[in-house]
Amino acid sequence: MSYYPLLKHAHIMLALISGLGFALRGFVQVVLDRPVSHPVIRVTPHIIDTLLLASGITLWLLVGWPFLSWLGVKITLIVVYIVLGMLAFRGGHTPRGILLYLLSLVVFVTIAVIAVHKPALY
């Protein structure tokens, strides 16, 4: 029995939940300048992102995509997304913080497009 379809769908769902959660938390904290301090809201993203990373690594090992392909670009952009997100939250409700937040959302959408289309890189 192949677990690939189930794992792929779980990975996609976790990515959507992670992205929507980030967008919502960023909007509340960076744009609206409201604190988000409930323990569930502070801990759940770490659990979801850990599961997302684990499912991504497992998919990579199952399928064996070469790292020097669209996958390498996607992983590089994930690092950029994380850094931009951290800087946005640290920047707070400032024009710089809001810009970094919006840039991180653009990078997230770019990651999703690359994952869906898996473009050949020459």
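Predicted model: local features only at pLDDT ≥ 70, side-chain atom pairs only at ≥ 80, totals over all residues.

Reader: Okay, and which residues have the most contacts inside the largest nonpolar core?

Author: Ile111 is one of them, along with Leu77, Tyr81, Tyr101 and Val107. That core has 13 residues.

Reader: Which helices each supply at least two residues of it?

Author: H1, H3 (70-91) and H4 (95-117) do. H3 gives the most, with six residues.

Reader: Switching to Ser18. Where is that one found?

Author: Ser18 is in helix H1, which covers residues 4-31.

Reader: Buried or exposed?

Author: Buried: the relative accessible area of Ser18 is 11%, and the cut-off for buried is under 20%.

Reader: What does the Ser18 side chain make a polar contact with?

Author: With the side chain of Asp49, at 2.5 Å.

Reader: New topic: Pro45. Which helix is it in?

Author: Pro45 sits in H2, residues 39-63.

Reader: And why does Pro45 count as buried?

Author: Because its relative accessible area is 14%, and buried means under 20%.

Reader: What does Pro45 touch, beyond residues up to four places away in sequence?

Author: Arg25 and Val40.

Reader: How far apart are the C-alpha atoms of Pro45 and Phe27?

Author: They are separated by 15 Å, with the two residues 18 apart along the chain.

Key
Residues numbered from 1 in each chain as written. Heavy atoms only, no water. Helix = DSSP H or I, 4+ residues; strand = E, 2+ residues; numbered from the N terminus. Buried < 20%, exposed > 50% of the residue type's maximum accessible area, 1.4 Å probe, protein only. Polar contact = N/O pair within 3.5 Å; in protein donor to acceptor, adjacent residues only side chain to side chain. Core = buried A, V, L, I, M, F, W, Y, C linked by side-chain atoms within 4.5 Å. Contact = heavy atoms within 4.5 Å.
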